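Trainee: I would like to learn how to read a few features of a protein model. Please take them one at a time.

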Amino acid sequence: LQTAVNQAGEHGHEILMQAFIGGVPLGIEAVFWEGRCLATFLMDDTLAPPFPSPVGHAYPSLQSPEVHDQVHELISDCGRALDMVSGGLNVDLRLTPSGPVILEINPRPGGAAIAQLLRLGAGVDLDCAAVSCALGDDPTPHLRVETRQPVASRMFVDQTMPQNINPLHAVQELGQQAAVADLQATFRPNVQPPTVDEWYILGRCLVVGTTSTDAIRRADDINAAFLRALGRTS
C-alpha cells in the first residue's frame, strides 16, 4: 500500500484510500426539517454476495433502542455537518463494536421499495414527507409511526437476462400468497430490466411476517421461487 501511495504521489495524482468496514449492515431513512432531524427509521439490510449492494431491507430493525439512539445522534451530527435544512437522507452504515460507522450518505429518499416498506411497516409516508419539504411545509404529520408490522423487501437479481420468458405467470401465482403484500417483475420479453454492475434486477417483492426475521425468510423464499419459475437455480 505504501508503495502504491508513493507512486501515485510521484505522478502528482490525488490519492483516495478506502478501508473495509465490517459489522452489521443497516439502512437508515432520515427526514430533516428546518435543520433538525425529525425522524430516523432503522432497517436491517439483507445481503446476498457477490451482489454489491443490499438486496433487501426489513422493518422494524432487530437492533436495540440504544442503537437507535446512537444512530439518530450520528445522523443528526451528519446533517449539521452537511448543512442539511429540509428533506430526506438515505444512509448505509455498519454497526461495529465501537459503534455505527457511515459508509454512504445521500440527500434523497431511498429507492428499492423503501418508501413502500415503511408505509406498510410503520404507517409513515416518506414520499409525502419529501413533497412537503419541497413545498416548504412541515413533514411531521407524515412521519408518525402508526403501526409495527414486520415487513421485508427483496430484489430478484441474476447475472443472466431471461430470454423470451414472460414472468406474468410467476408474478400472478406467487402474488396470491397471503404474506405477499406486493410483487413485481421489472422485465418483459425483449425489454431490458434495470441493472447494477453486471447484475439484472428482474423484480422485487414486499412480504409481511410475524417478526422481521420471519419476513426476511419469507421474502427469500419468494425470491427463490421467482427465479425457479424463470428457470434459475440461484
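Mentor: Start with burial: buried means under 20% relative accessible area, exposed over 50%, and partly exposed in between, with a 1.4 Å probe and protein chains only. Cys78 has a relative accessible area of 18%, so Cys78 is buried. Cys205, at 0%, is buried too.

Trainee: What should I know about the model itself?

Mentor: This is a predicted model, in which local features need pLDDT of at least 70 and side-chain atom pairs count only at pLDDT 80 or more, while totals for chains, interfaces and linings use all residues. Residues are numbered from 1 along each chain as its sequence is written, and side-chain values use heavy atoms, leaving out hydrogens and water.

Trainee: How many disulfides does a search of the whole structure find?

Mentor: A disulfide is a pair of cysteine sulfur atoms within 2.5 Å. The search finds zero. For Cys78, the nearest cysteine sulfur is that of Cys37, 10.0 Å away.

Trainee: How many aromatic pairs does the structure hold?

Mentor: Rings of Phe, Tyr and Trp (its six-membered ring) pair if their centres lie within 6.5 Å; planes under 30 degrees apart count as stacked, over 60 as edge-to-face and the rest as tilted. The structure holds two such pairs. The Phe51 and Trp199 planes are at 90° with ring centres 5.5 Å apart, so this pair is edge-to-face. Both Phe51 and Trp199 are buried. Phe156 and Phe226 are stacked, with 4.4 Å centre to centre and 25° between the planes.

Trainee: Is Phe226 buried or exposed?

Mentor: Phe226 is buried, with a relative accessible area of 0%. Phe156 is also buried, at 0%.
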